[in-house]
Structure formats: C-alpha cells, structure tokens
Amino acid sequence: MGYRLLADTTAIVHFLFVAYVVVGGFIAWRWPRTIWLHLLAFGWGFSTVLFTIECPLTNLENWARHRAGEAGLPSSGFIDYYITGVLYPRDALDLVRILVALCVLASWTGLAWFRRRRGARNTVTN
C-alpha cells in the first residue's frame, strides 16, 4: 500500500509540475520573483520533450508501481500515458505543443510588460 501511495502521489506531483510549466509565467505576474523557478521548470520540462531526457518523476513512479506489484508507465512516458489521448487527441500533439509554447511566451511577454509599466510608474512618482 505504501508504494502504491507513493506512485499515486508522484503522479499528482507530476501533473502539478506539468501544469506549472504551462502557467507558471502567469503566476509570476503576481509574484515576479517566481519567474526564475518557472524558467528552470520550463527548461527542464521542454528538454525532456525535445531531447527525450528521462524524467526523475517518471522513474520514481515506475519504481514505486513495480514495488507495489503494478505495471509501470510505458516507455513513452508520463505525458503520453496520462495526458495525450486523454485531454486531447493524439493527432493534436504538435498543435498542443505549439499552444503550450505560445502560452508560456504570452505569460513571459505579459510579465515583461507589467514590469516595464511598474518601472515607469515608479519613475514618474519619484
């Protein structure tokens, strides 16, 4: 039971990480210092997709599932198993990747705009 709980918890953390990669730039609009964490998360998340780097969360989930006597994730990984074909059709994968990249770019552009606006406002009041 403990390994199953670890595997399920790891899957939840993995979902949260993927969500943070997508929307973390928008979170930085409210808390600008978190942009550095988002840059790291984005870099890691996209490098696992682009360069097929193994994700330690996938490895941990697989290890826990095997210890619990369950099948692990397929070799295609977490996103392919839990998200692709579930949240969007498999043939839309390239479109989804582009939309995610545009979402991240929009969040970073918005953050830069807010920072410039704040900077200009502070200059005027001084």
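Predicted model: local features only at pLDDT ≥ 70, side-chain atom pairs only at ≥ 80, totals over all residues.
Val13 has its place in helix α1. In sequence, Val13 and Leu57 are 44 residues apart, yet in space their C-alpha atoms are 8.2 Å apart.

Helix α1 brings me to the pocket. The largest pocket has a volume of about 930 Å³. There are 35 residues lining the largest pocket, and the closest to its centre are Gly45, Thr48, Val49, Ile79 and Asp80. Which elements give two or more residues to that lining? They are α1 (2-30), α2 (35-50), α3 (56-67), α4 (78-83) and α5 (93-125). Of these, α1 gives the most, with seven residues.

Now to the aromatic rings, where the count comes to ten pairs. One of them joins Phe42 and Phe46: the pair is tilted, with 4.5 Å from centre to centre and 35° between the planes. Both residues lie in helix α2, four residues apart, or about one turn of the helix. Is Phe42 buried or exposed? Phe42 counts as buried, because its relative accessibility is 18%, and the cut-off for buried is under 20%.

One last stop: Phe15, Phe78, Tyr81 and Tyr82 are linked into a cluster by ring pairs.

How values were computed:
Residues numbered from 1 in each chain as written. Heavy atoms only, no water. 1 Å grid on protein atoms, 1.4 Å probe; cavity = no way out; pocket = protein on both sides within 12 Å on 5 of 7 lines; lining within 4 Å. Points joined across faces, edges and corners; volume = space filled by probe spheres on them. Phe/Tyr/Trp six-rings, centres within 6.5 Å; stacked < 30°, edge-to-face > 60°. Buried < 20%, exposed > 50% of the residue type's maximum accessible area, 1.4 Å probe, protein only.
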